There are 2 protein chains.
Amino acid sequence: MLVSLVMRGRPGASPANRERVLQVARELGYVPDARARVLRQERTNLLGVTFAVQQPFHSDLVEGIYSAADTAGYEVVLSAITGTRAEARAIETLLAERCEALILLGPQTPKRQLLELAERLPVTVVARGVADPTLDVVRTADVRGIQLAVDHLVELGHTRIAHVDGGTAPGAAQRRKGYRDAMRRHGLAEFERIVHGGLTDDDGARATRQLLTTLPPSTGILAFNDRCATGVLDALFRARLHVPDNVSVIGFDDAHIAAFSHVDLTTVRQDAKVMARLAVDHALSRLDADGPSLARETVVPPTLVVRGTTGPPPPSTA
Amino acid sequence: MLVSLVMRGRPGASPANRERVLQVARELGYVPDARARVLRQERTNLLGVTFAVQQPFHSDLVEGIYSAADTAGYEVVLSAITGTRAEARAIETLLAERCEALILLGPQTPKRQLLELAERLPVTVVARGVADPTLDVVRTADVRGIQLAVDHLVELGHTRIAHVDGGTAPGAAQRRKGYRDAMRRHGLAEFERIVHGGLTDDDGARATRQLLTTLPPSTGILAFNDRCATGVLDALFRARLHVPDNVSVIGFDDAHIAAFSHVDLTTVRQDAKVMARLAVDHALSRLDADGPSLARETVVPPTLVVRGTTGPPPPSTA
DNA sequence: CTGAAAGCGCTAACAT
DNA sequence: ATGTTAGCGCTTTCAG
């Protein structure tokens, strides 16, 4: 009926009637049922997003995605990944909600399953490289980012540069590769040292404790991400090592925490705002019938943000 | 048809047929349409949650809510509040989704509107005190928490204790009150000093810069929350003041960041896990027809976590 | 244990 | 500019 027209703000109702409908709707506290609407319509106008609720960088991305989706006239459906809620379940929920496209932030799902998913609907993977033309990828140039970090330390005079890696996390393989490439390029292959870390500060602390058990000590540590880096800082602090006088530390992300003065972390910055907008652009370009106009993979250049955790190596090892 | 029975795991289908249906469903990649199901059913089994995507403490709560809702057989619908997406809109979305009950994390919505909302469906407010029996509240004993913090500083010998408040944020009024009460109880009314702060580190830094312009300097600062406290630490650091030798700082929440060694913040701990479970319990008890068995307001006791940002005041002012 | 019919709240298409 | 009809995908109710 005409109520439908009015509630959607479409033309085709007289101003008088329109006002009357809105008035009654207010009195009754009537809100249109989003599910019934979606059920009836051909398009749902829904963009599904999976994210890890405890990852600050994901928060930045989510914020940007809301903003970009809003501009494009799409609704965002969030599906969180938590300790008790697996990624598979988060994705399942979004499918059941009939989202038109999916944006997965740092997905841990095996590639094979991602490809299966991409056969069903447009999938945009953010912050993880998946080499396949059937799905879209928006990621930071991880290799380049790590190179920037290594270059910075080498310029300061470091040679014993270690990498606390991200294990099986998205992007971890690329960053390991970037580390190895950069070390070799500088003729420092003999000093290569990769310790198994992870995404959390606990992982970073654990890895650092392990790193400290062997001699000679590293004078520079590249952590997988900022959170991991805070764990590295923690372990160094407890081991009575001063940063940056004894050891320099570099993170990755430039999450909010990196900028705090008592962390004051030198880090490789990923631009969440740009990545979020690109992810939405990718997803929507697949939906618009005229086919994808963007490249299947967009690689965003990172930048090095130099703060207080990096400096020249201690004289004894310089 | 029987497909419906099978997909919901209900009894009433022969094992052979059940397996056949599941097999075909897998092949087709069939996922039941959540919206159609909800539309048909009397109950939606949906729990709506609004949260600020950039608030780490909210992340902790969301994680706990997912877990508790899961146990109770409810689905969680997240609605984020971001810089570009107002709380009113977040709530609107949840109503349109036909959630059975709402859990609002630290809502900024005026009390009047919250009460209007509570007339329509059960509303549980978390981390904000709203004195009204028509809605449920789960909050930390803010006054008690601040008292713990003041007591701690007084025991260490401080007298010039300032409070960087949360402005109009949820809980800010209670914490101001707790501060004033505690100061008076200790006979320190003359040293009362409240500076307008806020929720973010920028707010904390700004307030601290203001605090430092007047003499005599405070030797202890209670920040509204941990994030605000990091801003306080930042401003002190830039002013060449050492923590805790020159100034002691206490936060509130015990968010993840507080525990990082390079922050190592003494803080008042709110138990997110317990609060999340209570919030879900409250919401569900209102839904179960036999009326609410829990008290309308549940106040969770906070605890003081002493870390490295508090110590005795400098001798000159002791 | 399996099938058929009705209807949840909405909107697209058509008729007035 | 307004009213009518049908059907989205599912579940509930009732028959076989």
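## Basis of the model and the opening residue

This is a predicted model, in which local features need pLDDT of at least 70 and side-chain atom pairs count only at pLDDT 80 or more, while totals for chains, interfaces and linings use all residues. Residues are numbered from 1 along each chain as its sequence is written, and chains are lettered from A and ligands numbered from 1 in the order in which they are written.

A:Ala127 is found in the loop between β4 and β5 (136-140) of chain A, and has a positive phi of about 65° although it is not a glycine. Helices (H or I, at least four residues) and strands (E, at least two) are DSSP runs, numbered from the N terminus.

An automatic or database domain assignment supplies the domain bounds, and it divides chain A into domain 1 (2-30), domain 2 (42-140 + 272-300) and domain 3 (142-270 + 304-317). Between domain 1 and domain 3 of chain A, the C-alpha centres lie 60 Å apart.

One open sheet of chain A is formed by six strands in the order β2-β1-β3-β4-β5-β11, with parallel pairing; two strands count as paired if DSSP finds at least two bridges between them. At its edges stand β2 (75-81) and β11 (297-300) of chain A, each of which pairs on one side only, and the twist averages 15° from one strand to the next. Within this sheet, β3 (residues 101-105) and β4 (residues 123-126) of chain A run parallel and are joined by four bridges, and A:Ile103 has A:Thr124 in β4(A) as its bridge partner.

## The mixed sheet of chain A

Six strands of chain A also form an open sheet in the order β7-β6-β8-β9-β10-β12, and here the pairing is mixed. The edge strands are β7 (194-195) and β12 (303-305) of chain A, each pairing on one side only. Helix α9 (residues 201-212) of chain A packs on the sheet and touches β6 (161-164), β7 and β8 of chain A, its direction making about 145° with that of β6(A). A contact here requires C-beta atoms, placed from the backbone, within 7 Å, and the angles run from 0 to 180 degrees between N-to-C directions of axes fitted to C-alpha atoms, for helices over the stretch in contact.

Strand β9 (residues 248-253) of chain A is mostly covered, six of its six residues being buried. With strand β8 (residues 220-223) of chain A, β9(A) pairs in the parallel sense over three bridges, and A:Ile221 has A:Val249 in β9(A) as its bridge partner. From β8(A) the chain crosses through helix α10 (residues 226-238) of chain A to β9(A) in a right-handed β-α-β crossover, that is, with the strands pointing away from the viewer, the path from the first strand over the helix to the second runs clockwise. With strand β10 (residues 266-269) of chain A, β9(A) pairs in the parallel sense over four bridges; the bridge partner of A:Gly251 in β10(A) is A:Thr267, and that of A:Asp253 is A:Arg269.

## Contact between the chains

The contact takes 40 residues from chain B and 40 residues from chain A. On the side of chain B that touches chain A, at least two residues each come from α3 (34-40), α4 (56-72), β2 (75-81), α5 (87-96) and α10 (226-238) of chain B, and the largest share, six residues, comes from α4(B). By class, that side has 18 nonpolar, 10 polar and 12 charged residues, where Ala, Val, Leu, Ile, Met, Phe, Trp, Tyr, Cys and Pro count as nonpolar, Asp, Glu, Lys and Arg as charged, and the others, Gly among them, as polar.

## Backbone details of chain B

Most residues other than glycine have a negative phi, and most peptide bonds are trans. B:Asn45, in the loop between α3 and β1 (46-52) of chain B, has a positive phi of about 60° although it is not a glycine, and B:Asn45 counts as partly exposed because it has 15 C-beta neighbours inside 10 Å.

The peptide bond from B:Leu215 to B:Pro216 is cis, with omega near -5°, and B:Pro216 has its place in the loop between α9 (201-212) and β8 (220-223) of chain B. A cis peptide bond also joins B:Val243 and B:Pro244, with omega about 5°, and B:Pro244 lies in the loop between α10 and β9 (248-253) of chain B.

Note on methods
Buried ≥ 20, exposed ≤ 12 C-beta atoms within 10 Å, placed from the backbone. Contact = placed C-beta atoms within 7 Å.
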